[in-house]
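Please open the structure in a viewer and keep the selection panel at hand.

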Amino acid sequence: MLKPVAPAIVVRDLRKRYVDVEAVRGVSFSVTAGTTTALLGGNGAGKTTTLSMLLGVLTPTAGTIHVLGEDMTRHRYRVLPRLNFTSPYVDMPKRLTVRENLRVFADLYGLRTPAARIAELAQEFELADFLRRPYGELSAGQRTRVSLAKALLNQPEVLLLDEPTASLDPDVGDRMRSYLEQYQRASGCTMLLASHNMGEVERLCDDVIMLRAGTVVDQGAPRALLERYGRDNMEEVFLDVARGTARDRLPVEIER
Amino acid sequence: MKTVARGDLLHRQTGAMASLRRVRALILRHAYLLLKSWPRLVSMMYYPTVTMVLWGFVTIYLRPGNSVLQSAPGFFLGAVLLWDVLFRGQLGVSLTFIEEMYARNVGNLFVSPLRLYELIAGQLAMSILRTLIGVGGACFFAWLLFRYSIFSLGFPLLAFFVNLLMFGWAIGLAVSALILRWGLGAEELAWAAIFLFAPVSGVYYPIAVLPHVMQTIAWTLPSAYVFEGMRGVLLDGRFDWSLWQTAFVLNFVYIGVGAALFRWAVGYARNRGLLLQMGE
């Protein structure tokens, strides 16, 4: 199957100013459809702020966002049925069982056969044993799996993931990453993720956008970044960027 | 790993049918919560029932020497039950939204295809359900303990119910807006806001007994017209349509203001990045 090449996400000169802080300062990037891109940066670099604006839950101060060809600030509701997300900042009703929670979201997204889709995802994410348990009684790792299942209910064309495997043990984390890879291969979904797990970024991502203090400081494929920074792994590249120590290691034109 | 064509996975519904499905999903979410928890159901009936019992005994105590209570034994009981329609109607809207904040589920809802007006419609639907459960329980005990049936008011009961519920919705939306703006720290408003309107609604006394300034305020509130109308039915056996119509028109104004406030608060939260981070 040929990979589509049109950008699924196009961000131009995106800015977000709170009262006295400019959290995002003129960020521009695009994400090719069917690829996975990571937003990397230290705490406060603007990753979650950027993702929030992409999701339409945060109004940009300036700039434009197009997702699947639609202007997110004006036609958000044309895109939202085709998009989904997970974030550590949100949860699900704790007294509802896992099945009830998934059923509610299945109806919100308009699934034709919710029960069948829930059963399918329960099998994929090994949730079958938890379906009847209240969401609030699950461990953090189990909740993360339920959140991922919720994010895939509508078989999204664009998936935004904020720290998708943050609270999972290495075994389950690895299985979730495998699942995301398989899902992308099968569906051609576009993924944009914010993560602090550099192994995850190297494994999943075709492209990496490096953020510092609300600006894009570099962008490229993980392998290209490793070569450019003369490092052995993405963690070292991340530290160079987050600490601003990359200057000594880079040609002048790369530091923008 | 298998995927299917999106057309096979998702409904093709658009417009009103899609909206109804999403509102139904919200109702389902809260119905799951309510109907599986008997303590929640009991607590919804508890306060209206206890208040009703209190006024039932006050009626028994005062009735022998009171001409009003002799001609209209349901004077206080009808008032307290209708007041609870207003209170439960408002709580139903506010608490439905607060539940989402407790659950840190607001972000999930605002990233789903759910529209703001559908969220509001879900809150209003839950308000009806909560009111029917809460006040319904109290009505049952009023009949059981005092042999008073609120249904003896006849058709006017439905008219009063509609107007009070609508005014409760308006206040509930305004309270939800304030909670969205100031966070769960403002949660107390959900329980206390309605009592600001109690003295000027004339629940247990005619508006005419109020000082002039308070009378002026009272006549801007739909609830004052409803309780005046209730007294007209109980004491004179006459239902005044003009009072009902004025309350109905005022309700549309108040609901418009409440919805506008809620919309403004959502815009504020969207601008400040509160929607994803909202919760306990």
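**The open sheet of chain A**

Begin by selecting six strands of chain A, which form an open sheet of mixed pairing in the order β6-β7-β8-β3-β9-β10. Strands are DSSP runs of E of at least two residues, helices are runs of H or I of at least four, both numbered from the N terminus, and two strands pair if DSSP finds at least two bridges between them. At the edges lie β6 (83–86) and β10 (215–220) of chain A, each pairing on one side only.

The model is predicted: local features need pLDDT of at least 70, side-chain atom pairs count only at pLDDT 80 or more, and totals for chains, interfaces and linings use all residues. Residues are numbered from 1 along each chain as its sequence is written, while chains are lettered from A and ligands numbered from 1 in the order in which they are written.

Next, select β3 (residues 36–40) and β9 (residues 207–212) of chain A, a parallel pair with four bridges. Here A:T37 stands opposite A:D207 of β9(A).

**Helix α1 of chain A**

Now select residues 47–55 of chain A, helix α1, in which nine of nine residues are buried (20 or more other C-beta atoms within 10 Å of the residue's own, with C-beta atoms placed from the backbone; exposed means 12 or fewer, partly exposed in between). Among them are A:K47, A:L51 and A:L55. Proceed to A:G56, which follows α1(A) and has a positive phi, near 85 degrees.

**Chain B**

Finally, select chain B, which has 13 helices and zero strands. Of its 280 residues, 45% count as buried. Its C-alpha atoms fill a box of roughly 80 × 40 × 35 Å along the principal axes.
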